[in-house]
Amino acid sequence: MKELELKAIRVGTGLEKLEKGAEDVEEMKIGLAQEDLKLRSADEATTRMLGQLQKSSMNAKKESEAVGKIRELCQVDANRIAAEKKVAEDDLAQAQPFVEEAERAVNSVKPNDLNELKKLQKPSDFYFNKYEKDLMNDETMEFLAPYLDLEGFTPIIARNASKAAEGLCVWVKAMNMYHEAAKMVKPKLEALRLAEAQLADAQLDLDKAQSKLDICQDVLDKLKEDFDEQMASKKSIAEGADKTRIKMNQATSLINGLAGERERWTEDSIKFEERKSNLVGDVAIASSFLVYLGPFNEIFRNDLLHNVFITDLKERSIPMTSNFDLSSFLVSDDQIDDNGGGGGGSSGMISEWTALEGLPNDPFSIQNGILTTSKQSLHYPLFIDPQGQALNW
């Protein structure tokens, strides 16, 4: 009974594990379907993000090209203006000595010199207001031309009149020279100021374009970051789905491989229940045989066994195994004592008796062998053995 229950427990455990495995496979199928949905959703999201990324990349490239063109033009203008500025500054530097000479002349005139100049008979011939050098124009120079053309309008002659007259003479001549030099430089300076203003406007356009490019680049960088995160999420989902799919396939293969065993175990489980139910009658027959039928011959044994014991059980509706095999039921490890040999089941033990040990291979001799090796044989030690077969065995 214990052996039967142990086998039933083992088979039941195996069937439970198969059932649990099948349930796990179904759960994995549901989980895999959900993972597939997530993966398709991730694919769609990735495709959308890739489209946005490509569009933003094109916009950024377009803005970058525009900025590059503006920067290139600004650089060309800056180089040109720098060259023109250098030329204008060089030209202006050539007129600078006249300005410095005029300033020295003005600085040499003291208030007392001016008072002295005012005492002259015709002070207007040599007295001028203080002009700013850049405010002098052609009209002013035209007014001064008659004086500049005078032979006596020289610093040496003017010094005879006064020291102030000498300074003013030097200043007027210097301003005339500066004006002539500045006439060539001023148009260049004006053009330079205009070009610098245009460059400043171009720089503003460049700054605006660069700002727009920066915005596009920020959007592009954010999209790249989101795209990388989406790709990582998609990869994680795909890897999880692959692991689930591999695990599910392995479990399915194992369950399918054990399909035959499952059927056998299911049948065995049913048979075990039947055998447990039939043990009542089977044990009653086996016990009756061991206790009562040892002294009788084969004919009387069979008559009592089949026509009395089994018939009585059927009339009492006591469950028992149909086509009950007495020898197979009794020859087991539990029914053999230490002198009767080890296990190996009924067929192994009976084969050892008949093939190796010399016991005749007929049902009656095998039953006698069972009676002899059974623990019940201690009650019936007497052999009736006219042919010496039992003795030889």
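Is aspartate 385 buried, partly exposed or exposed? With a relative accessible area of 25%, aspartate 385 is partly exposed. The structure discussed here is a predicted model.

## Aspartate 385 and its surroundings

Aspartate 385 sits in the loop between α10 and α11, the latter covering residues 389–392. Its side chain is placed against backbone nitrogens that follow in the sequence. A polar atom of the aspartate 385 side chain lies 3.2 Å from the backbone nitrogen of glycine 388, and the side chain also reaches the backbone nitrogen of glutamine 389 at 3.0 Å.

When neighbours within four places in sequence are left aside, the contacts of aspartate 385 are with Ala390 and Leu391.

## Confidence of the model

Mean pLDDT for the chain is 76, and 78% of the residues reach 70 or more. Among the elements of the chain, α7 has the highest mean pLDDT, at 91, whereas helix α2 (residues 111–118) has the lowest, at 62.

Over residues 333–345, pLDDT stays under 50. For this stretch the model has 22 contacts beyond four places in sequence.

## Nonpolar cores

The largest nonpolar core has 22 residues. Those that touch the most other members are Ile285, Phe289, Leu326, Leu330, Trp353 and Ile370. Two or more residues of this core come from each of α6 (259–292), α7, α8, α9 (345–356) and α10 (363–373). The most is given by α7, with five residues.

Isoleucine 370 shows how one of these members is placed. Apart from neighbours within four places in sequence, isoleucine 370 is in contact with Leu290, Ser327, Leu330, Val331 and Trp353.

## Salt bridges

How many salt bridges does a search of the whole structure find? The search finds two. One is formed by lysine 86 with aspartate 90, where the closest N and O atoms are 2.9 Å apart. Both residues belong to helix α1 (residues 2–108) and are four residues apart, about one turn of the helix. Lysine 86 is partly exposed, at a relative accessible area of 46%, and aspartate 90 also counts as partly exposed, at 35%.

The side chains of arginine 316 and aspartate 312 also meet in a salt bridge, at 2.9 Å from N to O. Arginine 316 has a relative accessible area of 58% and is exposed, while aspartate 312, at 30%, counts as partly exposed.

## The loop between α7 and α8

Serine 317 is found in the loop between α7 (298–315) and α8 (326–330). Although serine 317 is not a glycine, its phi is positive, at about 60 degrees. Relative accessibility for serine 317 is 63%, which is over the 50% limit, so this residue counts as exposed.

Asparagine 323 is also placed in the loop between α7 and α8. This residue, likewise not a glycine, has a positive phi of about 55 degrees. Asparagine 323 is exposed, with a relative accessible area of 76%.

Notes
Residues numbered from 1 in each chain as written. Predicted model: local features only at pLDDT ≥ 70, side-chain atom pairs only at ≥ 80, totals over all residues. Heavy atoms only, no water. Buried < 20%, exposed > 50% of the residue type's maximum accessible area, 1.4 Å probe, protein only. pLDDT = per-residue confidence, 0-100. Contact = heavy atoms within 4.5 Å. Core = buried A, V, L, I, M, F, W, Y, C linked by side-chain atoms within 4.5 Å. Polar contact = N/O pair within 3.5 Å; in protein donor to acceptor, adjacent residues only side chain to side chain. Salt bridge = Lys/Arg side-chain N within 4 Å of Asp/Glu carboxyl O.
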